[in-house]
Amino acid sequence: MTVPESSAVNIDGPWTHRDISANGARFHVAELGEGPVVLLLHGFPEFWWAWRHQMEALARAGFRAVAMDLRGYGGSDHPPRGYDPITLALDVTGVIRSLGEPDATVVGHDLGAFVGWTAAVLRPKLVRRLVAVSMPHPRRLRGALLSDRKQIAAASHIFAFQRPWIPERQLVRDDAAMVEGLLKRWAAPGWPDRDTADRYRRAMLIPGTAHCAAEHYRWLVRSLPRPDGLQYAARMKTPVEVPTLHLHGSLDGAILPRTAAGSGRYVEAPYRWRLLDGVGHFPHEEAPETFTHELLGWLKDPEPER
C-alpha cells in the first residue's frame, strides 16, 4: 500500500504548512510563532511531526519554530541523489536563507543532528546555536562504527541497509510494520502509542521515502574508505564554534550514550551535555516536558555555560 503525501504529512494543528525552495530542491515546513528562528530537524524514521510538542512550547516562549522535512522524507522532494551530509547541510542552511533570516538555532535529532553538526562546521555564520539530540559528533560516530563492537551491534540497521533493494522492501512490508518495530526497539518501554506509530508508518509509505531513507545510511558506511568520506571526516576536524547543547537518553537503543559522550572535544564554544534518565532514542517525544524544559532553559540563557 502507498499513502498520498498530503494526507500523511499535512497534519492539522496550530501550525501552518508551506513549501520552500533551497539548494535546488523543494522542502516542506511547518511553522508556528514569531521571533528568532529555531529550525527543527527530524531523524529516521520520522518526519517534521516529531517536533509537535516543542513547536507549541517554542512559540509560547517567543520563538519562531520551523520544522522541516529533510530531503527524501515527508512532503519534501525525493530526488535520486544528495544524501551525503554536506548536501543535506546545504539544504538546511539554504532553508534558513529562504526563510529570510540571517541565522537560526538548529535543533536536530538522530540524522537531523548529524546534519546539524555538519552545518555548524560548514556554515557557522548561519547557525546561531546548535542542539544535538541522540547523535554524537560525526567523528565520534565514525570511530565507534569502526571499532566499538557494542555500538556496531546497536546500529545493526545501518549495516543492514547496505544491501540493494531489500531494505526498501522491508521498510514498507505489512504497511511499514518495521518502522513501528524500530521505534519500540530504540525507545524506553511504553513508547510509542498507537497513533504515533501509525503516523510514522504512514509517512514511510509515501512513494520513494523508504529508498531515500536507506540512501542516507548507505552513504554513511560506503563512504568510510572512499575519498569523499575521508574528505568529509577531515573537514569535520574543524571545531564547532557555536554554543552547543547535547541531549541523550540513558536508555538509547540505537546510539549508545558512551558513543555520544565526549563529543565536546570537537566544540570550541560553550558546550552543555545532559544525559536524560529513563528515556531512549526519542527523548523529545518520550519525555517531551523534560526535554522542552532543558531546551528552553538553554535557549533563554544568554551565556550558556560549558
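In which hand of crossing does α8 pass α10? The structure is a predicted model, in which local features need pLDDT of at least 70 and side-chain atom pairs count only at pLDDT 80 or more, while totals for chains, interfaces and linings use all residues. Residues are numbered from 1 along each chain as its sequence is written, and side-chain values use heavy atoms, with hydrogens and water left out.

Helix α8 (residues 166-186) packs with helix α10 (residues 209-222) at an angle of about 130 degrees, their axes lying 9 Å apart; helices here are DSSP runs of H or I with at least four residues, numbered from the N terminus, and axes are lines fitted to C-alpha atoms over the stretch in contact, with angles running from 0 to 180 degrees between N-to-C directions. The crossing of α8 past α10 is right-handed, that is, the near helix is turned clockwise from the far one by less than a right angle. On the α8 side, the contact (heavy atoms within 4.5 Å) is made by Pro167, Glu168, Leu171 and Val172, and on the α10 side by Ala210, His211, Ala214 and Arg218.

Leucine 111 lies in helix α4 and is buried, with a relative accessible area of 11%, where buried means under 20% relative accessible area with a 1.4 Å probe and protein chains only. Leaving out residues up to four places away in sequence, leucine 111 touches His42, Gly43, Phe44, Leu70, Tyr73, Leu88, Met135 and His216. Between leucine 111 and phenylalanine 44 there are 6.3 Å in space, C-alpha to C-alpha, although the two are 67 residues apart in sequence.

Methods: Helix = DSSP H or I, 4+ residues; strand = E, 2+ residues; numbered from the N terminus. Buried < 20%, exposed > 50% of the residue type's maximum accessible area, 1.4 Å probe, protein only.
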